[in-house]
Amino acid sequence: MKPTRPVVLIVLVVAVGAITWAVLGFTYVSLPPMPWTAVPTLLLLALGEAATGFNVRARIQRKPDTKPVEPLVVVRMAALGKASAHAAAVLVGVFGGFVGYLGSSLDKPTPRSDFFVSVGTFLAALVLVGAALFLEYACRVPKRPEEEENRPS
């Protein structure tokens with residue numbers, strides 16, 4: 001498994017955002033009001049992934065008072081981080097499309113409410129992307145001291 005490339009996440013955000021914006025032009029009037037519950041859900045997921053990242057990183061680096069971590073657990077956590085980063089990037093695109101579409105309708109109460117929920121969800125999804133990338137980074141195998149000494153400067 002290769003590390004997540006930021007270009008892939010950016011392409012996901014832009015493509016999904018453009019598709020969402022285009023689809024909303026035809027379907028927004030038939031959608032129910034947006035629930036705000038996605039914001040705390042995404043933030044709790046981000047908190048869990050960040051905490052797991054700190055824990056896994058400390059265990060991989062064999063910090064004092066930590067148990068060694070099983071290699072398969074690290075692989076699973078890295079896969080979770082990669083999958084979460086991609087899923088959260090899709091959510092950033094979806095809610096970015098909502099923000100772009102609703103930005104011109106702030107004079108009406110329902111679109112204004114949906115706009116603020118979309119902005120909050122957009123930001124929470126960005127936080128989740130960051131936490132997922134940190135979890136993936138935390139699962140990397142540290143370099144051995146002899147590898148760092150032999151590295152050309």
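## Aromatic pairs

This predicted model holds four aromatic pairs, meaning rings of Phe, Tyr or Trp (its six-membered ring) with centres within 6.5 Å. Planes under 30 degrees apart count as stacked, over 60 as edge-to-face and the rest as tilted.

One of the pairs joins Phe54 and Phe134. The pair is tilted, at 4.8 Å centre to centre and 45 degrees between the planes. Phe54 sits in helix H2 (residues 38-60) and Phe134 in helix H4 (residues 109-138), so the contact ties together parts 80 residues apart in sequence. Helices here are DSSP runs (H or I, at least four residues), numbered from the N terminus. Phe54 is exposed, at 55% relative accessibility, while Phe134 is partly exposed, at 22%. Buried means under 20% relative accessible area, exposed over 50%, and partly exposed in between (1.4 Å probe, protein chains only).

Phe115 and Phe116 also pair, edge-to-face, at 5.4 Å and 75 degrees. Phe115 is buried at 15%. Phe116 is exposed at 53%.

## Helix packing

Helix H3 (residues 71-102) packs on H4 at about 160 degrees, with the axes 7 Å apart. Axes are lines fitted to C-alpha atoms over the stretch in contact, and angles run from 0 to 180 degrees between N-to-C directions. H3 is therefore roughly antiparallel to H4 (an angle over 145 degrees).

## Basis

Residues are numbered from 1 along each chain as its sequence is written, and side-chain values use heavy atoms, without hydrogens or water. Local features need pLDDT of at least 70, side-chain atom pairs count only at pLDDT 80 or more, and totals for chains, interfaces and linings use all residues.

Methods
Helix = DSSP H or I, 4+ residues; strand = E, 2+ residues; numbered from the N terminus. Parallel < 35°, antiparallel > 145°, perpendicular 65-115°, else oblique.
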